[in-house]
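Let's take a walk through this chain, from the overall picture down to a few individual residues. Have a look at the model first.

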Amino acid sequence: MLNKLRYFLAVVKYHNFTEAAEVCHISQSAISQQIKALEQDLGVQLLSRQGRSFEMTAAGEMFYQRGLQLIADYERLCFDVKRLGTESENALHIGYLQDYTGNELQRAVAMFYETHRDIEIHVSAGTHEEIYEMLRDNTIQVAFNDQR
């Protein structure tokens, strides 16, 4: 069912079965069959087809919106589980602005490491938006950022 959902999301995103099939690495006929099978599984029409074009039905719109969230949650779950399984529990993740040119952060990390050698320190650089996203999705625990 998860693959069918991914196929449906791709078809709607690209508004084209052929392009969605290419992105999903399956044939156009296979993606079309998967969408039909999804509609049969749900017992509702998601797409109203008119020749080579289509429009989403009200059910399709709801399925698309909630499907996007479901896939995002699923991918986040997989990421968190993998990270938990492969990373030391004693880790500190820090984010800072990629254009930062001072060395205060380096000195602070070095001083922290001298007294806390059992803690892994991971430092990531990014734009304001990337740092915000890293905080939001718990990729980092601490952010050094200017006001924005």
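Among contacts in the chain between residues at least 6 apart in sequence, what percentage join residues at least 24 apart? The answer is 59%, where a contact means heavy atoms within 4.5 Å.

Before going further, a bit of housekeeping. This is a predicted model, with local features needing pLDDT of at least 70, side-chain atom pairs counting only at pLDDT 80 or more, and totals for chains, interfaces and linings using all residues. Residues are numbered from 1 along each chain as its sequence is written, and side-chain values use heavy atoms, with hydrogens and water left out.

Now the layout. The chain has six helices and five strands, these being DSSP runs numbered from the N terminus (H or I with at least four residues for helices, E with at least two for strands). Read from the N terminus, the order is α-α-α-β-β-α-β-α-β-α-β. As for the overall dimensions, the radius of gyration is 22 Å, well over the 15 Å that the globule rule gives for 148 residues, so the chain is more spread out than a compact globule. That radius is taken over C-alpha atoms, and the rule is 2.2 Å times the number of residues to the power 0.38. Along the principal axes, the C-alpha atoms fill a box of roughly 65 × 35 × 25 Å.

What about the surface? The accessible surface comes to about 10200 Å², and 52% of it belongs to carbon and sulfur atoms; areas come from the Shrake-Rupley method with a 1.4 Å probe, and for residues only the protein chains shown count as cover. Of the 148 residues, 26% count as buried, with buried meaning under 20% relative accessible area, exposed over 50%, and partly exposed in between (1.4 Å probe, protein chains only).

Next, a helix pair. The axes of H2 (residues 17-24) and H3 (residues 28-42) come within 8 Å and cross at roughly 100 degrees. Those axes are lines fitted to C-alpha atoms, for helices over the stretch in contact, with angles running from 0 to 180 degrees between N-to-C directions. H2 and H3 are therefore roughly perpendicular to each other (65 to 115 degrees; under 35 is roughly parallel, over 145 roughly antiparallel, and the rest oblique). On the H2 side the contact uses Phe-17, Thr-18, Ala-20, Ala-21 and Cys-24, and on the H3 side Gln-28, Ile-31, Ser-32 and Ile-35. These residues divide into six nonpolar, three polar and no charged. Here Ala, Val, Leu, Ile, Met, Phe, Trp, Tyr, Cys and Pro count as nonpolar, Asp, Glu, Lys and Arg as charged, and the others, Gly among them, as polar.

You'll find Asn-138 in the loop between H6 (128-136) and E5 (142-144), partly exposed at 47%.

Asn-90 lies in the loop between H4 (58-86) and E3 (91-97) and is partly exposed, at 39% relative accessible area. Leaving aside neighbours within four places in sequence, Asn-90 is in contact with Asp-118, Ile-119 and Glu-120. Ala-91, in E3, is buried at 17%. Not counting residues up to four places away, Ala-91 touches Ile-119, Glu-120, His-122 and Gln-141.
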